[in-house]
Amino acid sequence: MRLAIRAEWTKLRTVRSTGWLVLALVGGTVATGALATYSVDTSLCATARSCDEDTVRLSLLGTYLGQVAVVVLAALTVTTEYETRLIRLTLTADPRRMRVLAAKAAVVTAIVLAAAAVSVLGSLAAARGILPGNGFTAANGYPPLSLADGPTARAYGGTVLYFGLIGLLSLGVGVAVRHTAAALSIVLSVLFVAPIAAVFLADSRARDLVLTYSPMTAGLAIQATRRLGELPIGPWSGLGVLAGYAAGAMLLGAVVFAVRDA
Amino acid sequence: MTARDGFVQILRGEWTKFRSVRSTAWCVLLGAGLMVLLSALVAAGSTTDANDEPAEPIIADQFHFVHQPMVGDGTLVARVSSQQDTGPWARAGIMIKQSTQPRSRYAAVMVTPGHGVRLQADFTTDLAGSATKAPRWLRLTRAGNVITGYEGDGTTWTEVGSVTLDTLPRTAEVGLFVTSPSTAERVVRRAGGTSVGPDWRLGTATFDNVSLAPASGARPGTWRNDDVGGPVQQVDGTPLAGSATEAGGTFTVRGAGDIAAQPPSPGGDNDTVRDALSGIYIGLIAIVTLGVLFATSEYKTGLIRSTFAASPRRGRVLVAKALVLGVSTFATGLVASLAAFLVAQPIQRGNGFRPPAYPTASLSDGPVLRAVVGSALVLAVLALIGLGLGTILHRSAGSITIVIALVVVPSIVGSLLPIRVETWIQRLTPLAGLAIQQTRTDRFDTYIAPWAGFGVLCAYAAVVLGAAFWLLRRRDA
């Protein structure tokens, strides 16, 4: 297994796209989060207190962009092997396919989690610098964001896990369809259909149903720290729904990988 | 062989390549299918009770009232020394009212910033006085059930009008009032939901020379003050309470609200045509993929070298590709948007979106036709952006990611940010092109005019295709 992991690690780190995608993940997440945070201030509300802005979630809005890089990174680790036919060599060197898949999953998850941790900490640092200037001060009921606060730590830590699960979801679909464009098109459609539908759905029951059972919106419930009662699904159960999708995709990928010729 | 024959040949070659690839069929089916599916889902998940609202007018009765009871006949005089201009119909004046209960009977004479002096009664009577603003003297007399309002400059009085309130009790509340109707909308976003409502602002007015003279000769009592109809609430639930202070005979009164019978709203607020075409947000992912693959798959398989060997004028190859892709994605998009419109409309009608609040949208209406055909145009232009990016980057992953990052991500992030921020996101990103789906211009989310938005999208396409054209001629294949 160690050899398999080392092989996968070598393949991933020596491809130029990996570096770009990690950069896009960190940069996209932090920059979007910082811009979003910068664009919201308490003067838009009747009173600073009545804003009741979820500043933690606001600071993590970059997740919407960052996850696209994760989807691409994870899918590419398998689809490029199929497109360059390297996969045959890989499986000749190590015929135990489940071990190859497990090694891929481990390496992708490790890279994504590490990059996600950096992104999330960067978003936190940016928000701490920006929020007080926009009126979100302790005097107005917004103490500085801190990981010592339970819900805040859950939101930031959970976002790292969210990125990891998105990586596994994309990896599973990539193994199953073996084609970069197809995998990206499918994963991105599945992820983004719900939040877009939510913008248009006028019926709150239908909207809650969509938000509860679709991978992105359920998973991102982990970022909420205010008005938790209004959420259609709780933070951890939401992340659980996403984990279910990721597990389903990995299972599908594993079955296809085991059964179909490379 | 003439140059024109050469181009037709290139065009035919590109068309053959385009239609004989399996991924084309997948992208077309997935794009059109998902678009119709999401549109149907949105229609099924949106209901309205716009047609169930009562036909009679809604009576608004919210203001700040500095009042005391007066038994029997009498006269109230006050001078409005100043009034803040918070809208043409902001009101400051004196009133006699059955009680402090909202919707009870009243008569009042008042000044307004935009409509001069008025005498209003029982929500529907509205008599115009002179076109003067504050400062102005006002006088209200009760004689039995007849209330007469006067205005003056301090020396002479002019009658504004008189009204009969036949069931006014012997003891009625009299006093000073200030109110200010909202003149703007406030949009609040919370937990993914958007609420739209009036944006209330307190209006301020000052009064002096206040004197109450009951005909009975009784001494006037003390003034009390209340928000009649409760303080107005902003759409986020924050109450906005009025206030009144008195110093040396000058009253400063602040209040917000409206005193009027509002006609029932003529129709619902939803743009049903745009909602019926909302599936485009997902359909475009597959269509963009189609455009990207049309360029990148040739690079991946090395076919591009044969293509350029056969027709060395590379610019023409790109033009031919753009033509084939643009026409076929427009056709696909047109079928998909027509299907989405036709599938969603009956579902919407079943969910309450029907006349009179929602007149049936017909393809013979200009804006509706523009929205349906425009959706197909947007899909075609996005496919061309995909083709351009694929030609520049040679990689499908990067090209698809960039389009998603420019179109899909901003639409979601924008919907979670304040409206002021979303406005600029919707104007500056390629998302602006989707403004072509608007059929109503009175909604809070009309960020940019339909064709102007489409122009923004086309500008992106022109830049990307221009760069692709230039690079294609300079670089090795």
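Which strands, in what order, make up the open sheet of seven strands in chain B that includes β11? The order is β7-β6-β5-β4-β11-β2-β15, and the pairing is antiparallel. Strands here are DSSP runs of E of at least two residues, helices are runs of H or I of at least four, and both are numbered from the N terminus. Two strands count as paired if DSSP finds at least two bridges between them.

Before going on, the ground rules. This is a predicted model, in which local features need pLDDT of at least 70 and side-chain atom pairs count only at pLDDT 80 or more, while totals for chains, interfaces and linings use all residues. Residues are numbered from 1 along each chain as its sequence is written, and chains are lettered from A and ligands numbered from 1 in the order in which they are written.

Now the confidence. pLDDT is the predictor's confidence in each residue, from 0 to 100. For chain B the mean pLDDT is 88, with 96% of its residues at 70 or more. The model has an ipTM of 0.87 and a pTM of 0.81.

At the β7(B) end, β6 (residues 116-121) of chain B pairs with β7(B) in the antiparallel sense over four bridges. One of the bridge pairs is Ala121(B) with Thr125(B) in β7(B).

Chain B has another open sheet of seven strands, in the order β10-β9-β8-β3-β14-β19-β18, again with antiparallel pairing. Here β10 and β18 (243-247) of chain B are at the edges with a single partner strand each, so one side of each has no neighbour in the sheet. Neighbouring strands of this sheet are turned by 25 degrees against each other on average, direction ignored.

Ile147(B) has Val163(B) as its bridge partner in β10(B), and Gly152(B) has Trp157(B). What lies between the two strands of this hairpin, and which residue there takes a positive phi? There are four residues between the strands, and Gly154(B) takes a positive phi near 110 degrees.

Chain B comes out at 33 Å, well over the 23 Å that the rule gives for 477 residues, so chain B is more spread out than a compact globule. Its C-alpha trace spans about 110 × 45 × 40 Å along the principal axes.

Chain A has twelve helices and zero strands. Its radius of gyration is 20 Å, close to the 18 Å from the globule rule for 262 residues, so chain A is as compact as a globular protein of that length. The C-alpha trace of chain A spans about 65 × 40 × 30 Å along its principal axes.

On burial, a residue is buried if 20 or more other C-beta atoms lie within 10 Å of its own, exposed if 12 or fewer, and partly exposed in between, with C-beta atoms placed from the backbone. Buried residues are 54% of the 262 in chain A and 46% of the 477 in chain B.

Is Ser362(B) buried or exposed? Ser362(B) is exposed, with 9 other C-beta atoms within 10 Å. Ser362(B) sits in the loop between α6 (314-350) and α7 (366-393) of chain B.

Last, the interface. Two residues are in contact if their C-beta atoms, placed from the backbone, lie within 7 Å. By that criterion 40 residues of chain A touch 44 residues of chain B. On the chain A side, α2 (16-39), α5 (63-83), α9 (180-200) and α10 (204-213) each supply at least two residues. The largest share, 14 residues, comes from α9(A).

Key
The radius of gyration is taken over C-alpha atoms; the globule rule is 2.2 Å times the number of residues to the power 0.38. Axes are lines fitted to C-alpha atoms, for helices over the stretch in contact, and angles run from 0 to 180 degrees between N-to-C directions.
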